[in-house]
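Visitor: Please take one part and look at it closely: the metal site. Then set it against the rest of the chain.

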Amino acid sequence: MPRIELADGRASELPEGEPIGSVLPPEAIAARMDGELVDLSFAPSIGGKAEPVLPADADGLHVLRHSAAHVLAQAVCDLWPGTKYAIGPSIDDGFYYDLELPGPISETDLPRIEERMREIVGADQPFVREELSRSQALDRFADQPYKREIVESLEEGEVGGGETVTVYRNDGWADLCLGPHVPSTGRLKAFALTKLAGAYWRGDETRSMLTRIYGTAWATPKDLRAYEQRLVEAEKRDHRRLGRELDLFSSPEELGPGLWIWHPKGGIFRKQLEDYVREVNLAHGFDLVVTPHIARSVLWETSGHLEKYADNMYPPMQTETGDYYAKPMNCPFHVMIYKSSTRSYRDLPVRLSELGTIYRHERMGTLHGLLRIRGGTQDDSHVVCRPDQLVDEILRAFALTQEMHSTFGFTDPVVELSTLPGESIVTPEMAERATGALRDALERSGLEYRIAEGEGSFYGPKVDFHFRDAIGRLWQLTTVQADFGLPERFQMEYVVEDNQRHRPVMIHRATLGTLERFTAVLIEHYAGAFPLWLSPEQVRLLPVADRHLEHARELASRLRDTGLRAVVDESGETVGRKVRAAQLAKTPYVLVIGDKEIESGDLTVRDRAGTETKGVGFDDFARVLMGEASSRTLTQSVFGI
Ligand SMILES: [Zn+2]
Ligand SMILES: [Zn+2]
């Protein structure tokens, strides 16, 4: 009789053939057997450790969402017989299913589909797992070409391994899938369909265009409502809309998709960001470098980019001195700087930092405002060091990362160690050393982290820092990579005491990522209301009537002389309207200039929260604001007593 150890320390003898669910609490929707996710119906033949997977766990949500995806496809097949279904994974916050329907549908059909899903949930159909041979599966899915294609490409290990294919069936409907699933459809307590989109089969623009239906599913109706609330909030904070309203940037048709221009207000915002990045890097011992936007093909051949990364690069420009490529990364240029002189072991580490503009030919369908772009500027840094310095240098990168992000109000990162992917330019031995160094540094840093198998870049393993924004969304902002591969490819060296030449190791770090993407994140995080140091316009002066205009101009000019960004609202609007306009522009401080202010020489200050303080002296105001801006604090100053 298999002996099952339970998470609470109890143990239980499970009769042969009995499902694992029988020893787990009733709220469980799946189980983890020795770390592996299984169905509650799984009957272990040997003993092991069993834990319940609860609906609100990360794994539980995955199981719920993936089960909801099945029910979605099932409902569509019921409503539109002849539907061909492709794939339906769970994703962050929800799920989708890609389908080929017999005719077009629109978002107005979503309520109908949801209604049918509710009927299936109401019927509480059990999910039944079956194992089929490959030929049985091809028969089972005789009229489902996408499923057949998946079964035929099984060697790639997409669904099941070897010759057996697993299928989950509820009622008459079946899908090819590894599982696990909720025991029955009745366990789907809270779901909704959210939108429709087009998606190419396997993301391939030459294959058929499918209909992708998105949905979301949660453990409880309360969680679902909270999520819907977050969506409403996110909509209000959308950086594309706020970027337009605040006149920060645009992406004109003439430039091409994914390329952005920064308007004057965006320009000053960006200068603030860039100055800060350079300042922090200098303070942490980095040297600033500058490199061109294009380079000859030989550089990219040596670096491995043309071999592994060409799909993301713009095609070459042909000239009489060779083919030139726009850079998708800055690393090879920094390697060239390292190699520009002979380095002794005493010169290491060499720390280089650049605001380097890169170009990546991202797929059209993935472009999204400033979050997914084709041209952007990374705060990119590379450390070249001796292997014995590696862990310390990684730790320094972690410290810099946390320091920089805390300035923006991002704390408590979610940290992930991604190990080597299948496609890589480094040997398994190099990858192992790099992963080991990253893991050592993580252990020494005291940061909690999780491991993402095979999610590293083609250079090798990496550590990602994700931060939570003001409305609870996680953003992957920083990547730190340890790399033995590029030093090898570029034959980088340093000389030790006995004149022997050794190979250094490289750390890649982009802390904010691209400034474009980081700006999008900041806009959504702050809902456009930037802290003073980042605000393009810091003070707006509102003359009550025309006769106050001259005084307002003079004050603005004095504020600018002290280093503040002040403008006068010269429109002929009423004060009420001017105040409203300043609120929409998210201006941190507003000064109302009327007869009293001119008479007394003092200021009436209105902060972003709408608190008005009269009788503030000019010098006090300027001094307090300069202090607020230079300290880069996130909180607004309070005037008055
Ligand atoms: Zn499934
Ligand atoms: Zn790099």
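**The zinc site and its surroundings**

Guide: The protein chain has 18 helices and 33 strands (DSSP runs numbered from the N terminus: H or I of at least four residues for helices, E of at least two for strands). This is a predicted model, in which local features need pLDDT of at least 70 and side-chain atom pairs count only at pLDDT 80 or more, while totals for chains, interfaces and linings use all residues. Residues are numbered from 1 along each chain as its sequence is written, chains are lettered from A and ligands numbered from 1 in the order in which they are written, and side-chain values use heavy atoms, without hydrogens or water.

Start at the metal. Three protein residues supply donors to the zinc ion (ligand 2): Cys331 through SG, His382 through NE2 and His508 through ND1. These donors lie 2.0 to 2.3 Å from the zinc ion. A donor here is an N, O or S atom within 2.8 Å of the metal (3.2 Å for Na, K and Ca); water is not among the atoms, so sites may look incomplete. Along the chain, the donors of the zinc ion follow the spacing C-x50-H-x125-H. Cysteine 331 belongs to helix α10 (residues 331-338), and histidine 382 to strand β21 (residues 375-385). The two are 51 residues apart, so the pair links distant parts of the chain. Cysteine 331 and histidine 382 are both buried (under 20% relative accessible area; exposed is over 50%, partly exposed in between, with a 1.4 Å probe and protein chains only).

Leucine 348 and proline 349 are joined by a cis peptide bond, with omega about 0°. Proline 349 sits in the loop between α10 and β20 (350-359). Another cis bond runs from glycine 179 to proline 180, with omega near -5°. Proline 180 is in the loop between β11 (173-176) and β12. Most residues other than glycine have a negative phi, and most peptide bonds are trans.

Two residues go against the phi rule. Glutamine 491 is not a glycine, yet its phi is positive, near 55°. Its place is the loop between α13 (485-489) and β26 (494-495). Glutamine 491 is partly exposed, at 46% relative accessible area. Arginine 632 also has a positive phi without being a glycine, at about 55°. Arginine 632 lies in the segment after α18 (618-630). With 17% relative accessibility, arginine 632 is buried.

Now the charged pairs. Side chains of opposite charge can pair when their charged atoms come close. The whole structure holds 44 salt bridges (a side-chain nitrogen of Lys or Arg within 4 Å of a carboxyl oxygen of Asp or Glu). Three of them follow.

Glutamate 493 pairs with arginine 501 in a salt bridge, with the closest N and O atoms 3.0 Å apart. Arginine 501 is exposed, at 52% relative accessibility. Glutamate 493 is partly exposed, at 32%. Elsewhere, Arg32, Glu51 and Asp59 form one network through salt bridges that share partners.

Arginine 32 is in strand β3 (residues 30-33) and glutamate 51 in strand β5 (residues 48-53), 19 residues apart. Arginine 32 is buried, with a relative accessible area of 16%. Glutamate 51 is partly exposed, at 32%.

Glutamate 149 and arginine 202 form a further salt bridge, their closest N and O atoms 3.5 Å apart. Glutamate 149 belongs to helix α4 (residues 145-152). Arginine 202 is in the loop between β12 (190-200) and β13 (209-218), 53 residues away. Arginine 202 is partly exposed, with a relative accessible area of 37%.

Last, the chain as a whole. Its C-alpha trace spans about 90 × 75 × 60 Å along the principal axes. The protein chain has 641 residues, and 52% of them count as buried. Take contacts (heavy atoms within 4.5 Å) between residues at least 6 apart in sequence: 69% of these join residues at least 24 apart.
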